[in-house]
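Hello,

Here is the structure you asked to take over. My notes follow below it.

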Amino acid sequence: MNILSSTIFAKGNTKNIIFITIDGLRWEEVFYGSDSLLIHSDNYTKDHDNILNEYWHSSTKVRRERLMPFFWNTIALQGQLYGNLQEGSIAILKNPYLFSYPGYSEMLVGYVDLTRNSNNKENNPNITVLEYIHNQPGYNNKVAAFCSWDVFDFIINEERSGIYVSAGMEPYEKGRKNPKIGLLNEIMLQIPVPWKSVRYDAITHNFAKTYLEEFRPKLLYIAYDETDEYAHEGKYDQYLIAANQLDQYISDLWNWVQNNYYYKDKTTILITTDHGRGNEDIDSWRNHGSSVAGAENVWMAVIGPDTPSEGVMKNHDTIYSSQIASTIAAFLGIEYQNKRTVSPFIKMMFND
Ligand SMILES: [Zn+2]
């Protein structure tokens with residue numbers, strides 16, 4: 001099954017999905033590794049010697065492998081990568097806002113609701129694919145979300161959906177009996193975090209992995225965030241380190257999955273981002289939003305038992321973040337129909 005081919009509902013081999021988002025990581029770094037101008041800029045990269053040593057190489061092939069070794073040594077060989085504009089692979093957002101809540105809502109709900117136009121903690125009136133699947137027979141309490149950013153409680157509408165959502169600085173109560181989680185809950189509050197509404201991705205990753213081990217979810221959503229924070233702060237070195245670390249987390253999940261009897265060869269990992277970033281001049285990478293050219297471009301990566309090993313996808317029809325919801329459902333053999341809470345704006349934006 002190809003990604004985003006939501007018309008195919010024949011049961012495949014996928015019984016479980018790990019859906020992952022990396023906030024604001026540009027397709028440019030995914031496909032080409034560190035940016036020559038930014039990594040050599042004194043403004044944006046402080047620790048030159050170390051960072052150049054770790055992430056720079058004149059060959060694009062080597063450079064991208066240094067930044068994201070799992071993407072290039074495993075996904076590119078066994079899965080698919082979408083969004084390389086220079087290869088005619090266009091993956092874009094349909095929402096006009098090009099920031100986080102609208103982007104996550106678009107991909108999780110499967111259409112654009114123009115009322116989702118702020119990052120405020122407002123419950124999403126729309127039903128996400130997580131909630132839709134949670135309501136299918138056999139999926140009750142088999143869907144969970146671990147998210148670094150605290151607004152996810154509202155994007156997913158934890159209250160209405162009944163899905164377990166662990167987001168922001170809230171302790172992971174469900175895992176409390178596990179000694180590792182007890183410690184993580186404590187140090188999460190002890191280590192000062194530079195951001196108000198975000199916890200470190202290392203905490204999110206370990207919470208999520210422990211949940212996987214203990215509760216065996218069929219659909220697990222993990223939302224990492226640090227890349228976007230460092231980009232806004234203009235710390236290109238930290239942005240690269242975060243991207244590299246996230247690649248390692250995903251590698252860690254895939255290796256765990258492929259060594260676990262319950263998940264091995266029955267699990268698809270799908271990865272994307274909520275928005276791109278500017279690419280017009282040396283400073284625009286820090287920002288995104290409706291006025292930032294390039295912020296509409298995203299990327300997607302997929303690996304699993306139903307996905308042909310085609311590597312970097314080239315010259316295909318444009319794909320949209322709004323197709324992700326139905327794709328997640330299709331992998332599980334479920335037809336995603338979500339018209340119940342369609343806002344009137346949808347009719348304006350979509351021909352459906
Ligand atoms: Zn941002």
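Helix H6 (residues 100-109) is mostly covered: 10 of its 10 residues are buried. Buried means that 20 or more other C-beta atoms lie within 10 Å of a residue's own; exposed means 12 or fewer, partly exposed is in between, and C-beta atoms are placed from the backbone. Helices (H or I, at least four residues) and strands (E, at least two) are DSSP runs, numbered from the N terminus. The cover over the buried residues of H6 includes helix H7 (129-134), helix H8 (152-155), strand E7 (267-272) and helix H14 (324-331). Gly 110 follows H6 and has a positive phi, near 100 degrees.

This is a predicted model: local features need pLDDT of at least 70, side-chain atom pairs count only at pLDDT 80 or more, and totals for chains, interfaces and linings use all residues. Residues are numbered from 1 along each chain as its sequence is written.

Two residues other than glycine also have positive phi. Leu 98 has a phi near 60 degrees. Leu 98 sits in the loop between strand E3 (91-92) and H6, and is buried, with 25 other C-beta atoms within 10 Å. Asn 157 has a phi of about 55 degrees. Its place is the loop between H8 and helix H9 (158-161). Asn 157 is buried too, with 21 other C-beta atoms within 10 Å.

Now the core. The largest nonpolar core has 104 residues, and Leu 130, Ala 145 and Phe 152 touch the most other members. Such a core is a set of buried Ala, Val, Leu, Ile, Met, Phe, Trp, Tyr and Cys residues joined through C-beta atoms within 7 Å. Helix H13 (residues 236-258) gives the largest share of this core, 12 residues. Leaving out residues up to four places away in sequence, Ala 145 touches Leu 130, Phe 152, Ile 156, Ile 163, Val 165 and Tyr 221. Contact means C-beta atoms, placed from the backbone, within 7 Å.

One helix pair is also on my list. In H10, Lys 180, Ile 181, Leu 184 and Met 188 meet Ile 203, Asn 206, Phe 207 and Thr 210 of H11.

Last, confidence. Mean pLDDT (the predictor's confidence in each residue, from 0 to 100) is 92 for the protein chain, and 93% of its residues reach 70 or more. pLDDT stays under 50 over residues 5-9, which have nine contacts beyond four places in sequence. Residues 341-352 also stay under 50, with 15 such contacts.

Best wishes

Notes: Contact = placed C-beta atoms within 7 Å.
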